[in-house]
Amino acid sequence: MTRVAAIDCGTNSIRLLIADHDGDRLQEVLRRTEIVRLGQGVDVSGRIAPEAMERTLARSREYAGLAREHGVTAARFVATSASRDASNAGEFVQGVVAAFGDLDVAPEVVSGDEEAALSFAGATIGLAASGAESPYLVVDLGGGSTELVRGSDTVEQAISLDMGSVRLTERYLRSDPPTPEEIRVASAEVDAALDLAERTVDLSGVRTLVGLAGSITTVTAHALDLERYDSGRIHHARVPVERVLRATTELLQAGHAERAALGFMHPGRVDVIGAGALIWQRIVDRVAQRSGITEAVTSESDILDGIALSVPTRKPVE
């Protein structure tokens, strides 16, 4: 058994998984999620905002401390493209390297193909044992991008789309609640992205649609009428398509105060859940039309678990 740490730093959140790795299995020790909004304004300014930088580096230092406290011997930090493309990305990289020190960790921006493989590996842990049939379509809905990955035992087709809950909110859903016109324009943007996706990923013949990450787990909590967030009930939950569509519409049309009052809602997700719900709604509806699926499965294991699985065997980054 090797004790590893995986860090997934996205546009909206930073997450930590500490686990014991044994071959192709993980035994979870600790899992954490914080909303840091690293991508705040990057789409417009081309820079990581100072307050976003400080929030994210503060959590990175905290995660590094937890890794040492729990005896982690190997770690991997996968980051959003903002940590490479922003004009002040070097400052962020230096801050992460300093935080993890002796663990020899630096932020990696993985290729689209590797990101797809990591998401697929994490999402499909235990999926067959739960009775889910392949081929699977895994959807990883983040703050800045959304990945669609199709496969059975391994990845067969994949694409990364430049749409996510933070990006869509900042571009289109500016009113509280969003206006019908804002929703119409945002929906058209998502539909156009899915048209593009279908050139690469076949959405027909899918037997199991699997959704990952905070927007989708939050929609699932709402669809299940949970009073508080309960990962045990959310993981591998099977939600009928019509209930998904109703839950996403309710979250999209709700005002800030209504969303904030929901017991399962993470405070850092209140502002962007409408956009996340809209993206998930359009994807579920499209896959239902193409494949005839009647339900969507939610997974609490995702790219973070895939990163953890990759730690002991990955090749050094050149």
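## Exercises on a predicted model

Asp104 counts as exposed (over 50% relative accessible area, with buried under 20% and partly exposed in between, for a 1.4 Å probe and protein chains only), because its relative accessibility is 67%. The model is predicted: local features need pLDDT of at least 70, side-chain atom pairs count only at pLDDT 80 or more, and totals for chains, interfaces and linings use all residues. Residues are numbered from 1 along each chain as its sequence is written, and side-chain values use heavy atoms, with hydrogens and water left out.

**Exercise 1.** Locate Asp104 and Asp225 and describe the phi of each.

*Solution.* Step 1: Asp104 sits in the loop between α4 (89–100) and β5 (107–108); helices (H or I, at least four residues) and strands (E, at least two) are DSSP runs, numbered from the N terminus. Its phi is near 55 degrees, a positive value in a residue other than glycine. Step 2: Asp225 belongs to the loop between α8 and α9 (231–234). Asp225 is not a glycine either, and has a positive phi of about 60 degrees. Asp225 counts as exposed, at 58% relative accessibility. Step 3, for background: most residues other than glycine have a negative phi.

**Exercise 2.** Describe the surroundings of Thr124.

*Solution.* Step 1: Thr124 lies in the loop between α5 (112–123) and β6 (136–141). Step 2: Thr124 is buried, its relative accessible area being 19%. Step 3: leaving aside neighbours within four places in sequence, Thr124 is in contact (heavy atoms within 4.5 Å) with Tyr136 and Val138. Step 4: Val138 in turn stands opposite Val210 in β9. Step 5: the loop between α5 and β6 also holds Pro135, and the peptide bond from Ser134 to Pro135 is cis, with omega near 5 degrees.

**Exercise 3.** Which face of α10 do its buried residues line?

*Solution.* Step 1: helix α10 (residues 241–253) has 13 residues and reaches 18 Å from its first C-alpha to its last. The span is close to the expected 18 Å, where the expected value is 1.5 Å times one less than the number of residues. Step 2: the buried residues are Val241, Arg243, Val244, Ala247, Thr248, Leu251 and Leu252. Step 3: seen down the axis of α10, these residues fall within an arc of 165 degrees, so they line one face of the helix; the arc is that of the directions from the helix axis to the C-beta atoms. Step 4: the face turned away from the buried side carries the exposed residues Glu242 and Gln253. Step 5: the buried residues pack against several elements, including α7, α12 (273–291) and β11 (295–298).

Terms used. Pairing = 2+ DSSP bridges.
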